Amino acid sequence: MTEVLSAPLVVEFPFTRSLGPVQSAFLTGLRERTVLGVRTADGKVLVPPVEYDPGTAEELRDLVKVAATGTVTTWAWNPGPRRGQPLDTAFAWVLVRLDGADTALLHALDAPGPDAVRTGMRVRVRWAAERTGAITDIACFEPYEEGEATGHQITAHSGEFGGETAVTGIVAPARLDYTYSPGRAQSQYIHALSGRRTVGERCPSCRKVYVPPRGACPTCGVATAEQVEVGPRGTVTTFCIVNIKAKGLDIEVPYVYGHIALDGADLALHGRIGGIPYDQVRMGLRVEPVWTDGGRYPDHYRPTGEPDADYDTYKELL
Amino acid sequence: MSNAPRPSGKEPVAVVGIGQTKHVAARRDVSIAGLVREAARRALLDAELTWADIDAVVIGKAPDFFEGVMMPELYLADALGAVGKPMLRVHTAGSVGGSTALVAANLVAGRVHGTVLTLAFEKQSESNAMWGLSLPVPFQQPLLAGAGGFFAPHIRAYMRRTGAPDTVGSLVAYKDRRNALKNPFAHLHEHDITLEKVQAAPMLWDPVRYSETCPSSDGACAMILTDRAGAARAPRPPAWMHGGAMRSEPTMFAGKDFVSPQAGKDCAADVYRQAGITDPRREIDAVEMYVPFSWYEPMWLENLGFAAEGEGWKLTESGVTELDGDLPVNMSGGVLSANPIGASGMIRFAEAALQVRGQAGEHQVAGARRALGHAYGGGSQFFSMWLVGTEPPTT
């Protein structure tokens, strides 16, 4: 039994967000050290503001300014902050109802320990020194026990802030950390490739040979185990000529991207065709793999010099 | 609970409201919520209904990686008036707009709900679909070619199998881009389009030219589906659903026919059986099919039974699929003229409905009584279709 492979897989992308009028005013406001909410038809003030009334679905555009002080409505202690979180040291996640608001905002509270946090405690915004128009313009909240909750007067706000350019979009980087394992069948396939052998698996029911193997036949739904070595030679069943350079791939264009049915396999795998001018590649071309030192996969496939395969021999593999 | 016996059979399903946004490369002026709201409002306006008239919301979009919002339906409940109502999200890759409409239609047909809002969207400008479709998987060779590179070899296989002349693809693109000029919601409005320009465009993934690929769009499409009672109250003529089906198959398996997938044939056959269609070429007046690369028009014409195997390109070449042809295809300009991916399938369904309602404006096919809406997705593995008509179904 070969070892089942495993490796980290990081998926990350800087997504962009168009904000729309309400979030635009909210984030522009934070940059100007002002917290804006939105007022519903029945007089409730929602902070953070939303574009549409959760109760009635009506459009909400009536912006109001609320205080930078408020009351913790509930909390959870976070003993070990992870990357990208608001504070580097242990902190409390808090829901804060700002004075003048009817709903609570999620943020971080800088507190020495869980004993220093309680529902009902008074807090205030700690503004970031450099503000860009993002929720992180509120660096965090901090205790403000001396500030009694008083009847706070909200004031109407246009959502405009003088000559300053409004924030209309943000970049929201996302990152997911996975541990990826290709499983038993593909691990065996990859181990065999390191010895420059291509090994698929035959379905015990339909007898088709799958390369790469997946440990199960997708049509019969049964486990596959019988190993079958295929290739190394094969036939180009179809292809395209790629004229656009892919990001992160060190291949000069144009190049040929081919579907190659290795001898003995019942479906084609994909690979680059080289060793022949791109405009001379054709369906039925007989090819063999070209390996480079240390390569996990064949670098490309090149013509064997054999006569082309007859269309009838591979048309079922298209 | 009433003790009255429930009527037997399915409830007829009618489309009484349709709304689309103007599809564009980037809608930087609205949030995702604002985008879907715009389409939904237009559908409500068309049906002369309010949020309170809607019993449930069924929403669809393509993979979450396309905008990077996990489960966007959760935050869109407010914008779509779904608070306190059932809200479902459907996901079947590029065919999702079609399957979303069918899930909504089945809720009406099964008498679970009387009136359902269904909506699909994509805001492609917030991410990069090419990135979203080619995440680097450890131990695997990186994909060498992207989405066009995935489909181009299958197009070459079609050309080899049928002996179609090289020019057919450019004819499709030229037709669809001209049709788009008659559709105010289409993304691409190429007023100076000529066949020569289409053919002079560079090959991206030979045999696929730049001019023969779909654009990347932001957009949303919404429909209001209702029962017989709802249709009777509708201010404008409804489109009636005569058949609808979905089929799927694995992305890759030994024996898969990428040129004409079995799941697509089976899906079409099911729809025609429900609708009592025996000769689709003669009995269907107009088709909106999912053609992201021009050559997929002749390929789907065969897969959907409008032409015998190997003959689809002849319909295209002889002008049958032109707006004034015998079997117009993609009167709206199709996916080649607007591709907000998650919404693209629903736009096909909605455009088919617009035709039989007589509401398609400048791209209306005169006298269209039966129209097919078609969508596919993934590696040609998900299919969804519906057939709509002017008259209520008789069975």
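How many bridges join strand S12 (residues 198-202) of chain A to S14(A)? The answer is given with the first of the views below, which are taken from a predicted model.

**View 1. A three-stranded open sheet in chain A, with the strand order S13-S12-S14.** The pairing in this sheet is antiparallel, and its edge strands, each of which pairs on one side only, are strand S13 (209-210) and strand S14 (226-230) of chain A. Five bridges join S12(A) to S14(A), and these two strands run antiparallel. Arg202(A) has Glu226(A) in S14(A) as its bridge partner.

**View 2. The side of chain A that touches chain B.** Across the two chains, 47 residues of chain A are in contact with 45 residues of chain B. The elements of chain A that give two or more residues to this side are strand S1 (7-18), helix H1 (20-31), strand S11 (169-180), strand S15 (234-242), strand S16 (255-262) and strand S17 (269-273). Of these, S1(A) gives the most, with eight residues. By residue class, this side of chain A divides into 30 nonpolar, 12 polar and five charged residues.

**View 3. Strand pairing between the two chains, where S15(A) meets strand S5 (residues 203-206) of chain B.** Two bridges join these strands, which run antiparallel, and Ile241(A) stands opposite Asp206(B) in S5(B).

**View 4. The two domains of chain A.** Chain A is divided into domain 1 (18-174) and domain 2 (233-318), and the C-alpha centres of these two domains lie 57 Å apart.

**View 5. Helix H1 (residues 32-47) of chain B.** At 1.5 Å a residue, the 16 residues of this helix should span 22 Å, and its end C-alpha atoms are 23 Å apart, which agrees with that expectation. Because 13 of the 16 residues of H1(B) are buried, the helix is largely enclosed by the rest of the structure. Glu48(B) follows H1(B) and has a positive phi, near 55°.

View 6. Glu302(B) counts as buried because it has 23 C-beta neighbours inside 10 Å, where 20 or more are needed. Leaving aside neighbours within four places in sequence, Glu302(B) is in contact with Ser260(B), Ala307(B), Glu309(B), Glu311(B) and Gly312(B). Ser134(B), which is 168 residues from Glu302(B) along the chain, has its C-alpha atom separated from that of Glu302(B) by 30 Å.

Notes
Residues numbered from 1 in each chain as written. Chains lettered and ligands numbered in written order. Predicted model: local features only at pLDDT ≥ 70, side-chain atom pairs only at ≥ 80, totals over all residues. Contact = placed C-beta atoms within 7 Å. Helix = DSSP H or I, 4+ residues; strand = E, 2+ residues; numbered from the N terminus. Nonpolar A, V, L, I, M, F, W, Y, C, P; charged D, E, K, R; others polar. Pairing = 2+ DSSP bridges. Domains from an automatic or database assignment. Expected span 1.5 Å × (residues − 1). Buried ≥ 20, exposed ≤ 12 C-beta atoms within 10 Å, placed from the backbone.
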